[in-house]
Amino acid sequence: MDLHLKVEVLDAKTREQLCFLDKVEPHSTIGDIKSLFYKLYPRWYPARQSLTLDPKGKFLRDEEILQSLPVGTTATMYFKDLGPQLGWTTVFFAENIGPLLIYLLFYFRVPYIYSDRCAFTSSPHKVVTMACVCHTFHYLKRLIETIFVHRFSHGSMPLRTIVKNCLYYWGFSAWLAYYINHPLYTPPSYGEVQVHYAMVIFAICEMGNFSIHLSLSHLRGDRSRGRRFPVPSKNPFTWLFFFVSCPNHTYEVGTWVSFSIMTQCLPVAVFTVLGFIQMTVWAKGKHRAYVREFKDYPAVRVAIIPLIL
């Protein structure tokens, strides 16, 4: 008895047959199919390939097994070129190294940013230095997490998306740094009290964010027990998992809210609001995925803001 399957790969736009794979093992993964396709079309390496069962359907994950898909003895798949890709480590490094360095250029007031008489001068306001320390710490932490903590579930991101993301993060960093380090910048309304309280909240949120990333990294690294959803641990910063699905985003929002309060700067507030909107979209998507996948998922959890959103 022949237990092998056949796989037909069509162009998602033209419906032209690109290849026909005969005698494919039923336990082969989508990743295996992509590797076989790559041998026939070397210009389309696996990370560039998107395979679906429907021309407008959801892309198939690399780890999905062929025999578990709703296909017969011949599986018809549709191919789409995702374009040039870069690995997630490279993506995160590029997104975070820019804001770190750009902010420091404004803090040290290198020539041609402000007037010549302000070049390489220091701000008389303590909050400006504290803001630089916080901003630098935030992005250094993200770089460290990128290299040593994060475990990425998807292999790459399209190059065009990376360019767009870098323009967003780098541009906003320059905008808020310009005003915070400007010679005419004025400290917050309530002075050092406002700054110090905001800095405490900033530090708590940064520790919380790092703790959640560590927790998620350990969860993804332990595949021996199958797929699981994240749960609180003995670390108090992870107790936010009792209430929300994505506390890493909750803490990230808290970080930028506190930075907005600390600096009392409009560009920071705009960046915070836009970031909150985007992170809410991500958190809601992750929350829905958890609810669909796990029948015992806690009903009390919401996406990002405890008991609210």
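Glu 145 and Lys 141 sit four residues apart in helix α3 (residues 126-148), so about one helical turn separates them. Their side chains meet in a salt bridge, with an N to O distance of 2.9 Å. The model is predicted. Mean pLDDT for the protein chain is 91. The salt bridges in this structure number five.

- Glu 145 is buried, because its relative accessibility of 1% falls under the 20% cut-off.
- Lys 141 is also buried, at a relative accessible area of 8%.

- Arg 142 and Glu 252 pair through their side chains in a salt bridge, at 3.4 Å from N to O.
- Arg 142 belongs to helix α3 and Glu 252 to helix α6, so this contact ties together parts 110 residues apart in sequence.
- Arg 142 counts as buried, with a relative accessible area of 15%.
- Glu 252 is buried as well, at 9% relative accessibility.

- Arg 48 forms a salt bridge with Asp 81, and their closest N and O atoms lie 2.7 Å apart.
- The pair links distant parts of the chain, 33 residues apart.
- Arg 48 is in the loop between α1 (30-40) and β3 (49-52), while Asp 81 is in strand β4 (residues 74-81).
- Arg 48 is buried, with a relative accessible area of 15%.
- Asp 81 is partly exposed, because its relative accessibility of 31% lies between the 20% and 50% cut-offs.

**Nonpolar surface patch**
- Trp 239, Phe 242, Phe 243, Val 300, Leu 307 and Ile 308 form a nonpolar patch on the surface.
- Together these residues have about 670 Å² of accessible area.
- One of them, Phe 242, is found in the loop between α5 (191-221) and α6 (247-263).
- Phe 242 counts as partly exposed, at 45% relative accessibility.

**Confidence**
- In the protein chain, 96% of residues reach a pLDDT of 70 or more.
- Confidence is highest in α6, at a mean of 98.
- Confidence is lowest in strand β6 (residues 156-158), where the mean is 76.
- Where pLDDT is low, predicted coordinates should not be read in detail.

Key. Residues are numbered from 1 along each chain as its sequence is written. This is a predicted model: local features need pLDDT of at least 70, side-chain atom pairs count only at pLDDT 80 or more; totals for chains, interfaces and linings use all residues. Side-chain values use heavy atoms; hydrogens and water are left out. Patches are made of residues with over 30% relative accessible area and no salt bridge: like charges are joined within 9 Å, nonpolar side chains (Val, Leu, Ile, Met, Phe, Trp, Tyr) within 5 Å. Accessible areas come from the Shrake-Rupley method with a 1.4 Å probe; for residues, only the protein chains shown count as cover. A salt bridge is a side-chain nitrogen of Lys or Arg within 4 Å of a carboxyl oxygen of Asp or Glu. Helices (H or I, at least four residues) and strands (E, at least two) are DSSP runs, numbered from the N terminus. Buried means under 20% relative accessible area, exposed over 50%, partly exposed in between (1.4 Å probe, protein chains only). pLDDT is the predictor's confidence in each residue, from 0 to 100.
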